[in-house]
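Dear colleague,

Here is the structure that we spoke about, handed over with its sequence. Please look through it first; my notes on what was found follow below.

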Amino acid sequence: MQPLYHDEFLRIRVLDGGMATELERRGFNISGPLWSAHVLDESPEAIQAVHLDYLRAGSDCISTVSYQISAQGYAELSRPDPAFATALRRSVALAEEARARYAQENSRPIWIAASLGPYGAALHNGAEFHGNYSITFDDLVEFHRARLAVLAETGADLVAFETIPSLDEARAILTALTHTPNVSAWLSFTCRDEAHIAHGEPLAACAQLLDSAVQVLALGINCTAPRHVAPLLAAAQSQTRKPVIAYPNSGESWNAATRAWQGRTDLAAEVKDYQTLAGQWFAAGAQAIGGCCRTTPEHIRAVAAAAVRQ
């Protein structure tokens, strides 16, 4: 991996949408400790198809299917230690193959972000949405360092640390990044309201922390309700000179009791509303916009249309 620099990052305007929930929408079972990464073994061609659909919808940057890949997750499945590293590399290779296939259709530049979830994602119990972990700071650093060491040797353009719930985990990630100085990254936080991340710290404090971090290209807001994005953008921008990106959920909510998404009545209407919001977020200074859970290629096509109008 070669460092991605600020000027090149500013060419990225449209991110992709949800991978795991899009695979689920297409009929794949993503339950289990590896979430969408289960499909890496079963149907890698389906992952590549989703990547291609997002590129054709207008994405400038696609994220790998590696959010929930960790040594811990593979150990839980009684798979040998090298298996998680192999999976990380395979996730990047699939994105590279999709980019190469798309290049035969369109010559515009495309970037690959290697997706890494927080420690809570490896626990697969919803802990990424509160950040209350029973782990030492040093062990948290090591959790992130181990995955970074693998990705640093791949062809990804940057690493996307996603759905970070706490300021402490952000600090651990910054420490882990120092072990791989060739890696550029964005850090994206999941937020519970218009001002605070999931663990309770102000997003503004996270922005202040990241502002001087040399390897961090941008601060992000993801896996968050769309209604919170505009004030969160303002909060982040008040404390950092770095670009701010946003890729919230579709606006639906997850019902833990029924284990089902609820709130969608009309996808076309939802996409139309999302395009309007994306236009507002671009106007408010967002560098790049995409989608998280339950967003689809249709949502990203709408974001791309909003970007053109800016």
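Predicted model: local features only at pLDDT ≥ 70, side-chain atom pairs only at ≥ 80, totals over all residues.

Residues are numbered from 1 along each chain as its sequence is written, and side-chain values use heavy atoms, with hydrogens and water left out.

Seven strands form an open sheet in the order 1-2-3-4-5-6-9, with parallel pairing, and its edge strands are strand 1 and strand 9 (288-289), each of which pairs on one side only.

Within this sheet, strand 3 (residues 158-164) has seven of its seven residues buried, so it is largely enclosed by the rest of the structure; buried here means under 20% relative accessible area, whereas exposed means over 50% and partly exposed lies in between, with a 1.4 Å probe and protein chains only. Strand 3 pairs in the parallel sense with strand 2 (residues 111-116) over four bridges, and Ala 113 stands opposite Leu 158 of strand 3. Four bridges also join strand 3 to strand 4 (residues 185-189), again running parallel, and the bridge partner of Ala 160 in strand 4 is Trp 186. Together with helix 9 (residues 167-177), strands 3 and 4 make a right-handed β-α-β unit, where right-handed says that, with the strands pointing away from the viewer, the path from the first strand over the helix to the second runs clockwise.

Not counting residues up to four places away in sequence, Ala 156 touches Met 1, Val 92, Ile 112 and Ala 114, contact being heavy atoms within 4.5 Å.

Which residues lie closest to the centre of the largest pocket? The largest pocket has a volume of about 1,200 Å³, and of the 47 residues that line it, the closest to its centre are Trp 35, Glu 128, Phe 129, Trp 261 and Cys 293. On a 1 Å grid over the protein atoms alone, a pocket is an open set of points with protein on both sides within 12 Å along at least five of seven lines, a cavity is a set where a 1.4 Å probe fits but cannot get out, and lining residues have an atom within 4 Å of a point; grid points are joined across faces, edges and corners, and a volume is the space filled by probe spheres set on the points. Helix 2 (20-25) gives the most to the lining of the largest pocket, with three residues.

Glu 128 lies in the loop between helix 7 (119-123) and helix 8 (137-151), and it counts as buried at 8% relative accessibility. Leaving aside neighbours within four places in sequence, its contacts include Tyr 67, Thr 163 and Thr 190.

Finally, a search of the whole structure finds one cavity of 30 Å³ or more, and among the residues that line the largest cavity are Thr 21, Glu 22 and Arg 294.

With kind regards

Technical notes: Helix = DSSP H or I, 4+ residues; strand = E, 2+ residues; numbered from the N terminus. Pairing = 2+ DSSP bridges.
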